[in-house]
2 protein chains.
Amino acid sequence: MTASPSLIVLDWGTTSLRAYLLDDRGHVLDTRSEPHGIMHVPDSNFSAVFDAITADWPALASIGAGMIGSANGWVEVPYCAAPAGIDELVAGLTLVPNAPLNIVPGVATNGALPNVMRGEETQIVGALDLHSGLASKSRLVLPGTHSKWVDVADGRITDITSFMTGELFAILRDHSILGRFASDPAPIDDAFARGVVAAKDSAEGISPLLFSARSLVLTRRLAAGSSLEYLSGLLIGEELRCGLMTGARPDALIGDATLCHRYDVAFSLFDIHDIPIIDGAAHAGLFSIAKRAGLTTAAQ
Amino acid sequence: MTASPSLIVLDWGTTSLRAYLLDDRGHVLDTRSEPHGIMHVPDSNFSAVFDAITADWPALASIGAGMIGSANGWVEVPYCAAPAGIDELVAGLTLVPNAPLNIVPGVATNGALPNVMRGEETQIVGALDLHSGLASKSRLVLPGTHSKWVDVADGRITDITSFMTGELFAILRDHSILGRFASDPAPIDDAFARGVVAAKDSAEGISPLLFSARSLVLTRRLAAGSSLEYLSGLLIGEELRCGLMTGARPDALIGDATLCHRYDVAFSLFDIHDIPIIDGAAHAGLFSIAKRAGLTTAAQ
């Protein structure tokens with residue numbers, strides 16, 4: 001028997017858009033991607049981008065998550081207050097007016113300093129579905145532009161910490177003195193590990209160390225071609241130093257496999273080994289939420 | 001008796017160039033500035049920029065400090081190794097070939113993570129000249145693009161710590177999500193102090209707090225127009241938190257009066273009050289070094 005298309009899911013972030021055609025068990029039948037993240041939607045015409053990326057696919061229910069539900073997205077969907085799990089996310093699903101797209105809400109915590117996420121809540125639903133042992137109590141790390149460290153209890157997101165690691169790396173590389181004189185990457189060397197260890201061993205954090213990505217080059221103790229790897233190590237090492245100060249070791253890394261591997265190497269320098277890496281969590285989570293909401297043809 | 005011109009001094013940094021015509025006691029007779037920092041010298045023709053900014057002034061000895069002596073400046077002048085004071089700087093003075101300009105060397109420390117400065121060593125010479133009580137033992141803070149915390153003993157620079165506070169603020173404002181949605185500044189409110197205190201009270205440092213400059217706005221607990229003041233408070237507060245963890249309280253703030261005042265407000269939130277602010281240290285230092293080197297007409 002050929003699997004029949006059942007659902008269209010969209011992972012629609014700030015810089016990219018990925019669409020998946022899924023069968024009634026959540027398996028991927030087809031996938032497409034476009035650089036039309038919400039900051040790059042021609043004429044802010046979300047409807048046209050949606051129509052184009054789903055062209056020729058069957059007319060099915062569709063569901064999306066990510067910055068598409070932000071104030072700068074297609075429709076602003078209010079955050080779910082933590083603790084939030086799949087039931088709270090289903091309750092907050094919002095149908096775009098005059099379009100067949102349901103958008104998953106983000107999640108916000110409300111401590112002295114609030115934290116927010118859009119998209120990661122869906123990856124977490126997917127990760128808990130793929131690895132049911134994580135649901136009762138776990139700590140999940142989602143590396144990225146804005147990395148999230150998320151505590152889960154009883155299948156619900158209870159706490160969030162955000163680190164701007166990926167964005168800081170990109171703007172320091174592209175716009176600061178640290179990137180201005182960096183040459184092409186050197187062959188793989190120990191510069192990344194050197195940065196991680198410098199951050200790990202710092203009592204105060206990396207604020208007084210950041211400039212060493214330049215001064216080590218100026219004093220010829222680091223190759224110019226290694227300085228960005230060293231900077232990456234400093235920033236990821238700082239994230240781990242801070243994250244590990246405030247709680248348990250992570251139970252899983254969720255996201256792009258290449259980036260998760262980089263974090264895994266850094267964790268090993270903190271003597272934390274063998275953290276499972278979960279890829280493909282976004283479409284798994286979107287399928288789970290759609291199924292719970294009765295949106296898939298399978299559940300109807 | 002009319003004071004007669006004795007020396008031309010140049011404070012030549014990355015983004016700006018300031019020239020002073022001094023009399024034989026170091027008093028300023030005339031001053032000029034151009035946006036021709038070393039990154040903005042037309043056709044890299046340093047000689048033409050020098051001739052233009054000194055046009056119509058008497059043909060006198062001249063001395064300069066700052067990034068003009070870096071690898072991307074007019075002539076690369078090797079760093080003096082710390083400990084370094086006025087005698088070491090005089091010994092390292094380098095005359096530009098075919099030009100009447102002497103360039104003051106920067107200073108480098110050589111610990112596990114080296115630190116370097118170009119220009120600040122000259123401001124410190126000036127500050128010690130203006131406030132002789134600082135020479136025997138002091139800690140000096142020079143706020144800026146790359147803030148420097150400098151320990152001085154027996155009139156010599158013994159240790160340097162660099163913080164990229166000013167550059168981080170500028171690139172986060174201009175290129176990150178934190179600046180993208182910030183609106184025009186709100187009327188002065190407590191956002192700067194709120195940021196300083198959040199950094200001061202953080203156990204791990206600001207890495208997990210940086211995103212609050214966005215999340216507080218998203219959750220309507222900080223006005224969009226105040227978010228850059230809050231960010232400035234976070235970054236300056238982090239510099240103070242780290243700097244104060246590793247040594248004594250500062251004895252002076254050196255540099256632009258407006259920026260030093262901002263640091264003074266931040267220090268007061270760390271319960272450190274009445275730090276003297278020293279402005280005009282750059283040309284004072286250049287005069288002292290020139291005099292010691294026998295470059296001024298007064299000393300000849």
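Mentor: A:P83 sits in the loop between β5 (80-81) and α2 (86-91) of chain A. Helices here are DSSP runs of H or I with at least four residues, strands are runs of E with at least two, and both are numbered from the N terminus. The peptide bond from A:A82 to A:P83 is cis, with omega near 0°. Chain B has a cis bond too, from B:A82 to B:P83, again with omega near 0°. B:P83 lies in the loop between β5 (80-81) and α2 (86-91) of chain B.

Some ground rules. The model is predicted, so local features need pLDDT of at least 70 and side-chain atom pairs count only at pLDDT 80 or more, while totals for chains, interfaces and linings use all residues. Residues are numbered from 1 along each chain as its sequence is written, and chains are lettered from A and ligands numbered from 1 in the order in which they are written.

Stay with the loops of chain B. B:N98 falls between β6 (94-95) and β7 (101-103). Its phi is near 60°, a positive value in a residue other than glycine. B:N98 is exposed, with 6 other C-beta atoms within 10 Å. The cut-offs: 20 or more other C-beta atoms within 10 Å make a residue buried, 12 or fewer make it exposed, and anything in between is partly exposed, with C-beta atoms placed from the backbone. B:D271 lies in the loop between α9 (257-269) and β14 (277-278) of chain B. Phi of B:D271 is near 65°, also positive in a residue other than glycine. B:D271 counts as exposed, because it has 8 C-beta neighbours inside 10 Å.

Strands β2 (residues 17-23) and β3 (residues 28-34) of chain B run antiparallel, joined by 6 bridges. Two strands pair if DSSP finds at least two bridges between them. One bridge sets B:R18 against B:S33 in β3(B). β2(B) and β3(B) form a hairpin with 4 residues between them, and B:G26 in the turn has a positive phi of about 90°.

Now the sheet that includes β12. In chain B, an open sheet of 5 strands has the order β12-β11-β10-β13-β14, with mixed pairing. β12 (156-163) and β14 of chain B stand at the edges with a single partner strand each, so one side of each has no neighbour in the sheet. Inside the sheet, β10 (residues 137-142) and β13 (residues 252-254) of chain B pair in the parallel sense over 2 bridges. B:L140 has B:A252 in β13(B) as its bridge partner. Chain A has an open sheet with the order β12-β11-β10-β13-β14, 5 strands and mixed pairing. Its edge strands are β12 (156-163) and β14 (277-278), each pairing on one side only. β10 (residues 137-142) and β13 (residues 252-254) of chain A pair parallel over 2 bridges. There, A:V141 stands opposite A:L253 in β13(A).

How do the chains relate? A rotation of 180° with 0.0 Å of shift along its axis superposes chain B on chain A, with an RMSD of 0.0 Å. That is the relation of a two-fold axis.

Now the meeting place itself. 35 residues of chain B are in contact with 35 residues of chain A. Contact requires C-beta atoms, placed from the backbone, to lie within 7 Å. On the chain B side, β9 (115-117), β12, α4 (165-175), α7 (212-218) and α8 (227-245) each supply at least two residues. By class, this side has 18 nonpolar, 12 polar and 5 charged residues. Nonpolar covers Ala, Val, Leu, Ile, Met, Phe, Trp, Tyr, Cys and Pro; charged covers Asp, Glu, Lys and Arg; the others, Gly among them, are polar. 100% of the interface residues of chain B are also interface residues in chain A, so the copies meet through the same surface.

Zoom in on A:S176. This residue sits in the loop between α4 (165-175) and α5 (177-180) of chain A. With 21 C-beta neighbours inside 10 Å, A:S176 counts as buried. Across the boundary, A:S176 touches B:E167 and B:I171, not counting residues up to four places away in sequence. Within chain A, the C-alpha atoms of A:S176 and A:T165 are separated by 15 Å, and the two residues are 11 apart along the chain.

Finish with α8(A). This helix is mostly covered, with 17 of its 19 residues buried.

Definitions and conventions. Copies are superposed by least squares on the C-alpha atoms of residues with pLDDT of at least 70 in both. Two residues are in contact if their C-beta atoms, placed from the backbone, lie within 7 Å.
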